[in-house]
Amino acid sequence: MGIFTLIIVILATTSLFIYAYKFNLELQNNKLIKNLEEYAKKEETKQQKSKILGQEQVKRKGNKKERARMYHV
């Protein structure tokens, strides 16, 4: 094998790796865009649902013992 053949093989291999890398990035971008669109649809549905039903009840996060003591005082 001559030096020129070796250089051509290296360049071809490098260009294939670059193409595969760019193709993989494009696939990842498409997946991200799809996920963002699905999330936006879910959020829009959630907002429409809250407009129809009114505001959803907020669950109280606190110590149950504290609440129990307040009622027994």
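**Figure 1. Tyr19 and Phe23 both lie in helix α1, 4 residues apart, or about one turn of the helix.** The model is predicted: local features require a pLDDT of at least 70, side-chain atom pairs count only at pLDDT 80 or more, and totals for chains, interfaces and linings use all residues. Residues are numbered from 1 along each chain as its sequence is written, and side-chain values use heavy atoms, with hydrogens and water left out. Helices (H or I, at least four residues) and strands (E, at least two) are DSSP runs, numbered from the N terminus. A pair of aromatic rings is described by the distance of the centres and the angle of the planes. The structure holds 1 aromatic pair. Tyr19 and Phe23 form this pair, which is stacked, with 6.4 Å from centre to centre and 20° between the planes. Rings of Phe, Tyr and Trp (its six-membered ring) pair if their centres lie within 6.5 Å; planes under 30 degrees apart count as stacked, over 60 as edge-to-face and the rest as tilted. Tyr19 is exposed, at 57% relative accessibility, whereas Phe23 is partly exposed, at 42%. Here buried means under 20% relative accessible area, exposed over 50%, and partly exposed in between (1.4 Å probe, protein chains only).

**Figure 2. Glu43 forms a salt bridge with Lys46.** Side chains of opposite charge can pair when their charged atoms come close. A salt bridge is defined as a side-chain nitrogen of Lys or Arg within 4 Å of a carboxyl oxygen of Asp or Glu, and by this rule the count comes to 1. The closest N and O atoms of Glu43 and Lys46 are 3.8 Å apart. Because they stand 3 residues apart in helix α1 (residues 3-53), Glu43 and Lys46 are separated by about one helical turn. Glu43 is partly exposed, with a relative accessible area of 25%; Lys46 is also partly exposed, at 48%.

**Figure 3. Ile3, Phe4, Leu6, Ile7, Ile10 and Leu11 form a nonpolar patch on the surface.** Together these residues have about 620 Å² of accessible area, as given by the Shrake-Rupley method with a 1.4 Å probe, where for residues only the protein chains shown count as cover. Patches are made of residues with over 30% relative accessible area and no salt bridge; like charges are joined within 9 Å, and nonpolar side chains (Val, Leu, Ile, Met, Phe, Trp, Tyr) within 5 Å. Ile7 lies in helix α1 and is partly exposed, with a relative accessible area of 41%.
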